[in-house]
Amino acid sequence: MLRPNIPFLCALAGSLVLSSASAAPAAEELGRVTGVTGEATAQQPGAEPRALHCGDPVFPGDTLRTGSDSHVGVQLDDVGTYLDPNSQVLLGRTAANTPSARLLAGKVRMIDPRDEGEPAQLAVLDADGHVKGNDAEAYIFKEKVGPYAMLCEWDEPLPVSRGNEQKTAKPGECVIAKPKEPLYTANAHDQRIPTIAEECAPGPDLANLNNPLNHLTPRDVAAAGPVPGSDSAGFGPITAAAGPDYMCDNAGVCSPVVPLVVVEPPPDPACGPGIICNP
Amino acid sequence: MSGVVRLLTAAIFAVAALPALAADEAPVLRQRAEQLAASDRCEEALPRARRARELAPNDARAALVEGRCLLRLGQYREAIAPLTRARELDASLKGVSTDLAQCHYHLDEIEDASAELDRAERENPDDARTQLYRGLVLSRQAKQREAAAAFDRAGGLDPSYAGIAGLYAGRTWASVQDREKAKQAFERAHSADPSSEWGRSAAAELETLDAANRRHVWAIARGGVEHDSNVTLQDEYTFGRFPDFRRAHERDDTVAVFEAEGGIELYRDEKQSTGAAVGYKGNAHDNVHELDLQYPWATIWYDRRLSEDTWVRLQPFFGYAWLESDPFVIHGGGTASLYHTFSDRFTGRLFSRLNVNDFLYHLHPDPPQDQFVRNRNRDGTESETGVEGSFALVPGSTSLRAGTAYSHYWAEGRDWDRNGLRTWIGATQQLPWRFVLDVLGTYYYQPYAHRSSYDLDVARYTSGQGPTRTDHIWDAQVELRYPLTSWAEISARFQYTSAESNVEVFDYDRWIAGGYLTLSWGHTL
């Protein structure tokens with residue numbers, strides 16, 4: 001009777017120690033609410049429950065609770081965690097600083113898309129699932145002899161430990177952890193805990209990601225000042241009103257009005273029509 | 001048997017789980033990417049967003065976060081595809097059009113940016129970011145008043161934009177001489193955040209806001225080399241009886257060209273401006289030195305503003321030219337111009353010019369008859385009156401200009417009495433990499449009043465049977481410019497002229513190809 005409860009109590013105590021280390025919610029954010037339907041709350045030990053809304057932060061030591069017709073999803077670092085109705089989960093961090101979710105009642109699903117890093121923890125009663133790249137679920141069932149845990153897996157093999165015992169659930173299998181019985185596997189059911197159908201909209205921080213201040217400098221609009229050349233003088237550019245172009249019209253140097261005849265050596269002293277003779 | 005069933009069932013469950021897993025994993029990746037992006041950790045967010053899109057190609061939010069992160073990281077070109085895809089997948093996503101406008105603006109694609117801003121304004125006319133970029137786009141389109149108003153709106157919609165929008169608005173109002181609005185905008189920018197770069201710049205520019213009414217001084221120098229196919233402006237023709245004309249022929253040459261000018265504004269306030277400028281233009285021929293030009297000139301101007309959009313300019317001028325070292329012409333006159341701004345895109349000018357010429361070379365009679373000398377005396381007075389307009393077809397990118405002018409020349413010798421019509425049309429186009437292309441076409445029609453004594457058949461002329469000269473002159477120029485800096489520019493030019501005249505000595509064609517370097521300087525006193 002005592003044997004299955006000792007690890008559970010130790011684990012629960014460990015989680016509480018972990019959570020108490022960061023009991024102040026503002027100290028370290030663990031994740032954010034990514035979807036919520038119905039009423040769900042988060043509660044630090046000794047504090048009043050907080051109603052959860054889209055985008056709310058959750059912290060180590062928080063116990064998430066869902067009501068009879070509510071769901072809540074939280075993103076804990078890279079790990080998505082989804083509570084079914086009538087469920088309770090205690091949040092924390094492992095010694096490796098990865099997210100930890102300990103199911104206290106009901107059902108929870110944890111989706112971890114990572115391929116690398118230390119595993120996250122999905123714990124239920126005295127059993128621990130080591131989650132990395134998994135799509136895992138945890139359940140608490142009640143029988144006359146007491147509650148028992150079930151951890152199921154849909155993607156990668158899920159190592160589950162209880163004390164010195166270890167069992168791995170292959171995709172499509174569950175590890176059953178009943179008191180007074182060794183861990184064993186069974187085929188999984190075909191109904192998984194749904195993720196939240198209605199996700200929260202992206203928060204304002206994402207919309208503000210491209211604040212113009214991140215892209216622009218004072219130089220993007222030129223300061224008024226003198227411009228090289230004559231454009232800054234007068235109310236319009238100053239040009240030579242009878243400049244060389246106009247001269248060409250009259251002088252015939254660069255226009256057709258007067259045809260110049262160039263007489264190459266020896267110069268002919270006589271001048272004629274169209275020949276310029278200098279004085 | 002039961003073991004087989006169990007294995008099969010497990011296999012079916014496992015296989016069935018895979019596509020569902022991908023679908024469920026994608027939102028987790030995307031949610032994490034969104035959180036990281038919101039924390040300005042886009043380097044970490046991007047691989048997650050891309051993986052989410054691989055797993056769920058129709059996830060609009062995954063595309064959005066990828067696009068926004070690329071935009072945040074300054075990868076503007078790369079950001080366009082995912083942002084566009086996000087909008088295709090979910091038209092209700094907010095702010096995507098403004099994201100795209102940002103991308104296009106920073107890629108210097110101003111028209112595309114404007115189109116996205118049009119869409120963004122239809123979705124949300126009160127978005128400060130949209131209005132700020134609207135101001136930037138309008139500024140690039142040379143619509144300064146509209147730009148300044150957009151900057152003002154941006155600052156009013158979001159107080160966190162007061163610094164940047166105030167500085168931009170102040171500069172833009174200053175550029176259109178609205179110093180009161182500029183001052184208000186600079187003060188808003190400074191008071192919003194005095195210690196920011198925006199506030200500090202605004203404070204500095206408040207102190208120099210009256211610079212627009214300070215006097216300016218400038219200088220320009222230009223030099224280049226041209227090849228001229230016909231420096232003598234002659235055609236290949238033969239004359240039967242005049243030995244000199246027999247040697248007259250078309251000559252090509254390489255010509256160094258150089259010019260310089262400097263000017264100073266002597267007085268300026270909001271209503272008027274006056275000043276003086278002097279300049280020099282010259283050239284040096286490689287072979288035909290007789291045509292080496294030295295031409296100094298001087299001008300003064302007086303500008304008077306009649307209203308916000310209308311002003312007049314009176315500009316007397318004077319010039320003197322030598323060919324080689326021999327005096328060639330002295331001339332002087334004045335121009336009166338009326339300028340009007342019809343809109344941000346369209347400006348016009350009405351002008352009239354009078355110019356008196358005194359040619360300093362002597363004509364010797366050949367044939368030796370006084371009437372030739374008398375008739376060929378080119379000294380006289382020319383008037384020209386015309387209109388011209390400039391239209392920004394694509395503001396900041398493409399502008400058109402066109403004009404027409406009527407002229408008359410009263411000469412002392414009857415050979416030169418004429419009317420004239422000049423019509424021109426041109427365009428300036430901004431090209432990629434800051435190149436500028438300018439094209440100009442001009443047509444001259446010049447009917448002369450009397451029979452020309454330059455008729456090759458002198459006997460026909462003396463008997464009163466010669467032609468009355470009429471010229472049709474077509475001219476086309478193409479110039480490509482490239483600004484090396486704000487004060488140095490290189491350019492290349494090609495010009496072709498075809499002069500058709502019923503008097504043969506005035507009938508020729510010519511082309512010029514050249515390269516130039518222009519240096520400019522300006523200073524506010």
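Tutor: A contact means heavy atoms within 4.5 Å. This is a predicted model, in which local features need pLDDT of at least 70, side-chain atom pairs count only at pLDDT 80 or more, and totals for chains, interfaces and linings use all residues. Residues are numbered from 1 along each chain as its sequence is written, chains are lettered from A and ligands numbered from 1 in the order in which they are written, and side-chain values use heavy atoms, with hydrogens and water left out.

Student: Of the contacts in chain B with a separation of 6 or more, what percentage is accounted for by residues 24 or more positions apart?
Tutor: Chain B has 14 helices and 14 strands, where helices (H or I, at least four residues) and strands (E, at least two) are DSSP runs numbered from the N terminus. Among its contacts with a separation of 6 or more, the share from residues 24 or more positions apart is 56%.

Student: What is the order of the open sheet of nine strands in chain A?
Tutor: Two strands pair if DSSP finds at least two bridges between them. The pairing in this sheet is antiparallel. Strands S4 (57-58) and S18 (184-187) of chain A each have a single partner strand, so one side of each lacks a neighbour in the sheet. The order is S4-S1-S6-S7-S10-S13-S14-S17-S18.

Student: How many residues of strand S7 (residues 79-83) of chain A are buried?
Tutor: Buried means under 20% relative accessible area, exposed over 50%, and partly exposed in between (1.4 Å probe, protein chains only). Val79(A), Thr81(A) and Leu83(A) point one way from S7(A), while Gly80(A) and Tyr82(A) point the other way, and all are buried. The count for S7(A) is therefore five of five.

Student: Which residue of S10(A) is the bridge partner of Gly80(A)?
Tutor: On one side, five bridges join S7(A) to strand S6 (residues 71-76) of chain A in an antiparallel arrangement, with Gly73(A) opposite Tyr82(A). S7(A) also pairs in the antiparallel sense with strand S10 (residues 107-111) of chain A, over four bridges. There, the partner of Gly80(A) is Ile111(A).

Student: What is the centre-to-centre distance of the aromatic pair Tyr105(B) and Tyr133(B)?
Tutor: Rings of Phe, Tyr and Trp (its six-membered ring) pair if their centres lie within 6.5 Å; planes under 30 degrees apart count as stacked, over 60 as edge-to-face and the rest as tilted. By this rule there are 15 aromatic pairs over all chains. Tyr105(B) and Tyr133(B) form an edge-to-face pair, with 80 degrees between the planes and a centre-to-centre distance of 5.6 Å.

Student: Why does this pair tie together separate parts of chain B?
Tutor: Tyr105(B) and Tyr133(B) are both buried. Tyr105(B) belongs to helix H5 (residues 96-106) and Tyr133(B) to helix H7 (residues 128-140) of chain B, so the parts tied together are apart in sequence by 28 residues.

Student: Is Trp433(B) buried or exposed?
Tutor: Trp433(B) lies in the loop between strand S10 (418-430) and strand S11 (436-451) of chain B. Its phi is near 60 degrees, a positive value in a residue other than glycine. With a relative accessibility of 72%, Trp433(B) counts as exposed.

Student: What is the phi of Arg434(B)?
Tutor: Arg434(B) is also placed in the loop between S10 and S11 of chain B. Arg434(B) is partly exposed, at a relative accessible area of 45%. Its phi is positive, near 70 degrees.
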